[in-house]
Amino acid sequence: MRTVRIIVIDMSAKFYFNTAMRNIANGKKQSLLYILGIFLSVTLLISLRLWSSTAEDLAARDFLTDQDFELKITTYMPDRIPFILDWLDNDPIVQKTYEMYYNLACFNAEEKDPDYIFDPQEDPNDPISITALGLWPKDSLDRIESQFSVRGSFDLQPSEVLISEYEAKEIEGIVGYAIEPGMKINISIARRSPELGEVRLFHMELRHFYNVTVKGIYRPIPTISMLQKTFSASFLRDSVIFLRENIMDLDILQMRANGIEPAIMVKTKIDELKKNGIGEILNILEDLADRLKIAYQSSQYIILDTPTIELQQSYSLAQTAIVFMVPVIASSIILTIFTTNIVIEKRKGQLYTIKDRGGQNWQIIGLILLEFLILTLIGILLSIAASFIIASLIPSIASGSFSGAVFREFITKVKFPYTLTLYTTVSVLLISSLFVLLKLRMVLQNNVEEKQKQTRERIQKLGVIITISGLLVLTLIYLIYNTIQNQRDIVDVYNFDIYQSQQSMMIFLSIILLIILLAIIATLFSNNILGKLKWVYDRFFLNKSFFVTNSLKNSKSKLTSILIILIIISCFNVFTLNIYATIKANEQAEQYYKNGADLRIHTSYVESTYDTNISAIDGIDEIMPVLKTEGKLIYNRVTVYGIDPIVYSRIGRWDSVSTNQDVVNNMLHDLNQSDKGVIISDYVSERLNLTLGSTFTIADLPYGSAYEAFEVKGIIHSAPGLGLAYGINIELNQPNQEFLLVNERTLREDYLVTDTNLFFAKLKDDADKNKVSEDLLNLENVISVNPEVVNENFVGKYIRNYIPDVKTFLLIQILLMNTVGLIIIGNNIEFILKQRDQSNAILNTIGNSNRSLIQIIFAELLVIEITSIIIAFIVGLPLSVYSVHFNRPIFTNHNILAYNFKMDVIGIPIFIIAILAISLLVTIPSLVRFSKQNISIMLRK
């Protein structure tokens, strides 16, 4: 008996499985579409999460690998240095420590008398050249090499020296011949720094080195690094690099006895820093610094936090862009629902036959449910497999070209989201099963009287309306509340942080949900109203209006069933295309503004008088060097820019700012009239309660008094070429929270700032911009002209390698959503028109031609599409305006210019024409099929 029972159960299970597989094979098209819906939604969820976590890990690794050092340690108790070094070297997250000494070096001093006076030069005909000295260990050079452009080699060995271009030219003026890599030279190293009033050579306690090889001649590349945070631009521009290994320990002891202490640079272990993600890098570094402070209270530290903060924000903006894929996921879910509905509707006759022959409801439900469970599992398994490939291909989209190395690295280092995958799988299985069960229950209750059925449908419709209305109210409350909160957070903020980006992501999600809910409500309203507009159809469709009205009224096989997907994709197209156009227009305006003038010229560090070399290029009208130094305003470090106010007012792109040009001219004119005038940011004005004419002090200016008084001559939000007057912007090499504009002659004459690496230039009216740029690049010290990325070492490059920008996500959304939408529309139109075969055949028997039939169907589709387009503008346009004005942190990091809304006057009409054309084209196969069938056979069916 046991054996027989087992066989019966096995046969029963086998019967169900075989029947399900046979039904799947017989309905290949619908099965594939169902799998496609599951595949797209699940793949997007898993692959985006998989890619996001892996991209974060790899971006953090690349960033930390290129970062020279993370911490700088000093102490006011020099005798503690050996103990601090030992403590650091034994800390589990420290990879290496470097002792970097800095002082002075001399050339042409080896034969001079110790009493020789170097300030002023005792013998101008045979002077000494004094320069800054970087006395650094050999293993530190690999960490800083990328910050220098070198002629020769940076691979320094003992008895070799690296010389800056500036110092090489100075030596050339002494010896009378050009200094080139490979030459031999004598160098003298100071073991003591002369104090004020000490001007003789013996004050330096020189140590001479003879026949030292010039290994390379370098120029520093301006960037934000710990090296350039520690050593000033003038130090790096006029300097030499000599290996610590050249110096005996006795010399080091002598230097330390003279008060020359090293800067301790710390490089930490990459895996330890990035183990908890980009957001925790600074916390781990601060924890290390705090532990050191507890162990040695005399220690002082500086963390290179600015690039890391910028990396976090850039990654956050890119990560939140994933939200733009939500409409595609929603469209995929609709595809699954519509396909399920079509499959069950097509099988109604089969289900009724099984039921009439004694089949129980649970048996029928089990049979169909098993079929859909198999399809769902196939879709999920394919999604999991494909997610590895898709996640690894996304960096190719980000970089613009396929890289096999990046693909292999990505696919081998993916961090698979097991929890998300489990929850997604269970949720998809449950939701799809629940929908199948509800649909089957409605179909199998065929013995219910028509009146009861109508009553039930009204109750169901009322339930849907109440549910949707409730969700709509809750979504609106959530949206309004969070928008108010977000506006409070960003009202005086122009550099958005991670929190603001994530808060904006939630607002954007609520807007997406709002669009879907409004689309559903609009669909319900349209379904009730479209069949009652015969008076409208009479005006446009004439004698066809009767048939169009009846088709729109008919509860069965009416084309308005595609209205919901048409409204949804139309709303999202209007919404997304407007946002895309806005982002693109604002990025272009911002890029134009970042250049500062017709030409933005980056050079190595040169004297500001280098502007004469640039102005000699044919086609250049005016040129302005931008001087730069630092000071302190209250507790904050500020960048102080020296500009020629009159030239800047003429060549600066102030017309991109909302400020009136006359206001700008007057402000810069006033600055030109004052040696102690300053232009400040609107943020500083509000924070310190400063107005025009107010005075305040700036501390720590080079060669200045402890505090220097300045008078406010203007208040700005941003400045051309320099960006926001308040807020860190590493992309523009602005590491401080704010900058000030002063007269360039003030910096030159009062604070001896004369070198620069940035010039703004205006072209003559008839000049060829490309030709001028080419001529400029031929100049020896010019690095770049109008670069696409202002700061080539901007941390955003680590994001761009793996993560597409916002515009790319929007384009992918538009492409995928429209593809899915058109599949749904085509599939449903085919199904609906097939359901109409018999009614269309009847119309043919009473004199309707196939041409007339086509006109009726096209008219009906036209009504539906025009309705969806009108609703799309009513819903999508206001919400896109709302999103741009109240949700900026999800679109941009820095609000340098006013963020203006721009309607896509090209993309939206193209979409409207395309959707009309394609939806009409997909009806042709069904109409051709109908025209080839025998009418009498269709009538008998």
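1. The charged end of Arg 237 sits over the ring of Tyr 166, at 4.0 Å from its centre. A charge counts as sitting over a ring if NZ of Lys or CZ of Arg is within 6 Å of the ring centre and within 35 degrees of the ring normal. Arg 653 lies over the face of Tyr 592, 3.5 Å from the ring centre.

2. The model is a predicted one, in which local features need pLDDT of at least 70 and side-chain atom pairs count only at pLDDT 80 or more, while totals for chains, interfaces and linings use all residues. Residues are numbered from 1 along each chain as its sequence is written, and side-chain values use heavy atoms, with hydrogens and water left out.

3. How many aromatic pairs are there? The count comes to 20, where rings of Phe, Tyr and Trp (its six-membered ring) pair if their centres lie within 6.5 Å; planes under 30 degrees apart are stacked, over 60 edge-to-face and the rest tilted. Helices (H or I, at least four residues) and strands (E, at least two) are DSSP runs, numbered from the N terminus. Both Phe 148 and Tyr 218 are buried, that is, under 20% relative accessible area, with exposed meaning over 50% and partly exposed in between (1.4 Å probe, protein chains only).

4. Phe 324 and Phe 508 also form an edge-to-face pair, 4.8 Å centre to centre with 90 degrees between the planes. The pair links distant parts of the chain, 184 residues apart: Phe 324 is in the loop between α11 (306-320) and α12 (326-346), and Phe 508 is in helix α18 (residues 498-529). Phe 324 and Phe 508 are both buried.

5. Glu 56 is located in helix α2 (residues 28-66). Which side chain of opposite charge is nearest to Glu 56? It is Arg 49, 6.0 Å away, and the buried Glu 56 has no salt bridge (a side-chain nitrogen of Lys or Arg within 4 Å of a carboxyl oxygen of Asp or Glu). Lys and Arg count as positive and Asp and Glu as negative, whereas His and the chain ends are not counted. Leaving aside neighbours within four places in sequence, Glu 56 is in contact (heavy atoms within 4.5 Å) with Gly 277, Ile 278, Gly 279 and Tyr 315.

6. Leu 530, in the loop between α18 and α19 (534-541), is buried, with a relative accessible area of 4%. Beyond its neighbours within four places in sequence, the contacts of Leu 530 include Tyr 537, Leu 552 and Val 863.
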